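Welcome! Please take a moment with the sequence and the model below, and then read on for a short tour.

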Amino acid sequence: MRRAESAAVSYPNAVTLSSASRSGVVSSRTVILKAFDDEQLVFESESYSRKGIEIAENPHVALTIHWREVHRQICVTGIAAPAAAAVSDEMWAARGRPNQAASVVAREGATVDSVAAELDLHSRADALTKSEAPISRPLTYQAYGLFPTTLEFWEGSADRLHRRVFYERESPGGSWSWRRIQP
Ligand SMILES: Cc1cc2nc3c(=O)[nH]c(=O)nc-3n(C[C@H](O)[C@H](O)[C@H](O)COP(=O)(O)O)c2cc1C
């Protein structure tokens, strides 16, 4: 990430998160990677969203990062789980009022029945942003931790013999083994 930031990669923390239903139907979308440490990658979403429901019924997820400017990709698979409420609270507080208001007035994934309904969402979000009232975190707004069990670092090479380094472990918290794999 430091390398991507220093190379001025555009939106380096916009990543693709894939989840799957209990029956194995896969879905993907972009989320923001909010934080990471040695154990987990943290993103936020709504627990009632498609991804939230899928993670609740099947915690196996994949996350892909592509940094075009530095010709790198990172592929992660692992187990996702809701983070502690204190982590969600902290991320909510850092969100800024317009984003908080949008999260409160909109229901991610719900049908918009009309243009009037869409305009109403905008005006309610605007009014809430401008009001003095504190905007509390809806309990459905959650931080999630992704605990990796595989990590693959891909580095592009001009001769197309790209370098791939693959890490794996049996379960989150276990010890890693790694090997180079062919492009
Ligand atoms: C650049 C970008 C960043 C996004 N970041 C998030 C995010 O951090 N969390 C989130 O829930 N949705 C985020 N979204 C919206 C998701 O891509 C998606 O539309 C939404 O979460 C609903 O997904 P779902 O119905 O598959 O659960 C982002 C979209 C874009 C384009």
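This is a predicted model: local features need pLDDT of at least 70, side-chain atom pairs count only at pLDDT 80 or more; totals for chains, interfaces and linings use all residues.

Residues are numbered from 1 along each chain as its sequence is written.

**Two loop residues**
- Arginine 160 is found in the loop between β7 and β8, and its phi is near 70°, a positive value in a residue other than glycine.
- Histidine 71 also has a positive phi, about 55°, although it is not a glycine.
- The loop between β5 and β6 holds histidine 71, which counts as partly exposed with 14 C-beta neighbours inside 10 Å.

**Overall layout**
- The protein has five helices and nine strands, where helices (H or I, at least four residues) and strands (E, at least two) are DSSP runs numbered from the N terminus.
- Along the sequence, the pattern reads α-β-β-β-β-α-β-β-α-α-α-β-β-β.
- The C-alpha trace spans about 55 × 35 × 30 Å along its principal axes.
- Of the 183 residues in the protein, 17% are buried.
- Two residues are in contact if their C-beta atoms, placed from the backbone, lie within 7 Å; among contacts between residues at least 6 apart in sequence, 57% join residues at least 24 apart.

**Around the ligand**
- The shell around the ligand has 14 residues, of which Arg29, Ser45, Ser49, Arg50 and Lys51 come nearest; a residue is near a molecule or strand if its C-beta atom, placed from the backbone, lies within 6 Å of it.
- β2 (26-32), β4 (41-46) and α2 (50-57) each supply at least two residues of this shell, and the largest share, five residues, comes from β2.
- By type, the shell divides into four nonpolar, five polar and five charged residues; Ala, Val, Leu, Ile, Met, Phe, Trp, Tyr, Cys and Pro count as nonpolar, Asp, Glu, Lys and Arg as charged, and the others, Gly among them, as polar.

**The helix α2**
- Lys51, Gly52, Glu54 and Ile55 are buried in α2.
- Seen down the axis of α2, these buried residues fall within an arc of 165° (taken from the directions from the helix axis to the C-beta atoms), so they line one face of the helix.
- The cover over them includes β1 (14-20), β2, β4, β5 (60-67), β6 (72-82) and β7 (141-155).

**The nonpolar core**
- The largest nonpolar core has 14 residues, and those with the most contacts inside it are Leu17, Leu41, Val61, Leu63, Ala80, Tyr144 and Leu146; such a core is a set of buried Ala, Val, Leu, Ile, Met, Phe, Trp, Tyr and Cys residues joined through C-beta atoms within 7 Å.
- At least two residues of this core come from each of β1, β4, β5, β6 and β7.
- Leaving aside residues up to four places away in sequence, leucine 17 touches Ser28, Arg29, Val31, Phe43, Lys51, Val61 and Leu63.

**Paired strands**
- β7 and β8 (residues 163-168) run antiparallel, joined by six bridges; strands pair if DSSP finds at least two bridges between them.
- Tryptophan 154 has arginine 164 as its bridge partner in β8.
- β8 and β9 (residues 177-181) are antiparallel too, with five bridges, and tyrosine 167 stands opposite tryptophan 178 in β9.

Notes: A residue is buried if 20 or more other C-beta atoms lie within 10 Å of its own, exposed if 12 or fewer, and partly exposed in between; C-beta atoms are placed from the backbone.
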